[in-house]
Structures are given as structure tokens and as C-alpha cells.
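Trainee: I would like to learn how to read aromatic contacts in a model. Please show me the structure.

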Amino acid sequence: MTQMHGRFAEMASGRHWPAWSRVFPLLAVALFLLVGADRALAHAVAEGDKGYIQEILGIHPAPFMYLGAKHMATGYDHILFLLGVIFFLYRMKDIALYVTLFAVGHSATMLLGVYFNIGINSYLIDAIIGLSVVYKALDNIGAFQRWLGFQPDTRAATIVFGLFHGLGLATKIIEYDISPDGLMPNLLAFNVGVEIGQLLALGAILIVMGFWRRTAGFWRHAYAANVVLMCAGFVLTGYQLTGYFVA
């Protein structure tokens with residue numbers, strides 16, 4: 001990782017920046033997806049699913065598992081953060097470690113947050129989640145080494161931001177006032193679904209990244225890709241803060 005950050009420090013000098021004509025289309029696509037995603041940017045649950053959740057009484061693991069997988073597979077914030085986390089991870093044991101840390105973090109706060117009815121304003125928590133994407137993009141380009149002179153603990157950061165991701169989900173679930181009858185088994189099933197969705201999203205990301213890494217242009221465009229990722233995180237944060245102030 002240090003060697004990668006060293007390469008990006010050299011790129012940051014300006015000699016190896018990709019042509020802006022190649023960066024702007026990527027940025028435009030990212031902004032379009034984020035703005036067009038509307039409530040999908042947050043940890044929102046579709047209105048139809050919301051009504052179904054509120055009507056469920058008793059233990060129903062299969063529907064909650066499906067809803068958890070659906071949420072994760074369509075959650076732009078989760079996917080962007082996961083992309084940043086595994087961007088420069090090549091060994092499967094490293095990928096497994098970081099994904100596990102993220103899963104432990106978001107599982108803990110999601111389950112405990114709902115069980116103990118601990119929620120935060122959804123706009124504010126989702127703004128923090130947007131900043132987690134910004135943080136990871138900056139980390140990938142070695143910004144903290146240049147600015148602070150040291151590398152923050154990436155494992156600790158992953159689990160901490162995982163806690164925020166889970167708290168964001170817990171906040172939304174609390175708003176839907178799920179029946180306490182069978183609550184914990186249903187939450188556990190939902191969390192299993194989230195992990196299934198995470199593995200599916202991760203698999204798709206790794207396949208695309210695997211092909212990209214084999215091309216000669218990977219290192220040429222990796223810096224620009226993380227700049228786009230950072231911009232997407234800022235857009236997500238700004239979107240949520242705007243919602244907070246105008247709501």
C-alpha cells in the first residue's frame with residue numbers, strides 16, 4: 001500500500017494526471033447516477049417494501065432476508081464505499097479481512113440500534129456515510145500521507161465507518177415501526193440478507209476490477225477514478241445536508 005501511495009504522490013505532482021477529457025465523462029456519469037438515485041442514495045426502503053414490513057407479524061426470515069439482500073445490492077453508498085475499500089486489495093485474504101471488518105461494524109450497529117431504539121437523523125447519518133466515501137478515496141490516493149505525514153489505520157477506519165453505515169440502516173428501520181413480535185429473528189434474517197447482497201455486489205466489483213487491472217491503462221486512470229469516487233462522496237454528502245436543512 002505504501003508503494004501505491006508513493007506512485008500516487010508522483011502522479012499528484014501533475015506529470016501523470018490523465019487527460020481531463022477522460023475524467024469529465026466519468027465524473028458526469030457518477031453525478032448523474034447519484035442525483036438520479038434520489039432516495040436510493042440514503043438507506044431508504046422502497047414504499048412497497050415499507051408497507052409490507054409494517055404489516056408483518058411474527059417470525060418471517062425469508063422476506064426479511066430478501067429485503068436485506070435487495071437493500072445492499074441497490075445501496076449506492078454501500079457499493080461506493082466497498083469499491084474504495086477493495087480498490088487496491090489484490091489478495092483474497094486481505095479482501096476478506098476488510099469486508100469482514102465492515103460487516104462486523106454495520107451488523108453491530110444495525111442490530112443494536114434497532115433493538116435499543118437508537119436512531120440519528122437520517123440525513124445527518126447519510127451525510128457521514130457520504131464522507132466515508134470521500135475518506136476512502138483520499139486514502140487511496142495517499143492524501144493523508146502527504147497532508148499529515150502518516151498513514152491512518154485503514155482497518156480501524158473500515159470498522160468505524162461500518163458502524164456508521166449500520167447506524168444509518170438502523171435509523172431507517174426504526175422509522176418504519178416494525179412489529180416487536182419476532183423482531184430479533186427478523187432482524188437477524190435481514191442482516192443475513194445484507195451480507196448476501198454485499199457478497200453479490202463485491203463479486204461484481206471484483207470481476208470488473210480484475211479485468212481492469214489487467215489493462216495497461218489501470219495505473220494511468222486509477223488516480224482519476226478515485227477523484228471521481230471522492231466527488232461522488234461529496235455529492236452524496238451535499239445531497240443529504242441539503243435535505244437536512246430544507247426538510
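Trainee: How many aromatic pairs are there?

Mentor: Start with the rule: rings of Phe, Tyr and Trp (its six-membered ring) pair if their centres lie within 6.5 Å. Planes under 30 degrees apart count as stacked, over 60 as edge-to-face and the rest as tilted. By this rule there are 15 aromatic pairs. Take F81 and F161: their ring centres are 6.0 Å apart and their planes stand at 65 degrees, so the pair is edge-to-face.

Trainee: Which parts does the pair of F81 and F161 tie together?

Mentor: Helices are DSSP runs of H or I, at least four residues, numbered from the N terminus. F81 lies in helix α5 (residues 76–86) and F161 in helix α9 (residues 154–175), so the pair ties together parts that are 80 residues apart in sequence. This is a predicted model: local features need pLDDT of at least 70, side-chain atom pairs count only at pLDDT 80 or more, and totals for chains, interfaces and linings use all residues. Residues are numbered from 1 along each chain as its sequence is written, and side-chain values use heavy atoms, with hydrogens and water left out.

Trainee: Are F81 and F161 buried or exposed?

Mentor: Buried means under 20% relative accessible area, exposed over 50%, partly exposed in between (1.4 Å probe, protein chains only). Both F81 and F161 are buried. F218 and W219 also form an edge-to-face pair, 5.6 Å centre to centre with 75 degrees between the planes. F218 is buried at 1%, while W219 is partly exposed at 22%.

Trainee: Which residues do ring pairs link into a cluster?

Mentor: F81, F102, Y135, F144, W147, F161 and F164.

How values were computed. Helices (H or I, at least four residues) and strands (E, at least two) are DSSP runs, numbered from the N terminus.
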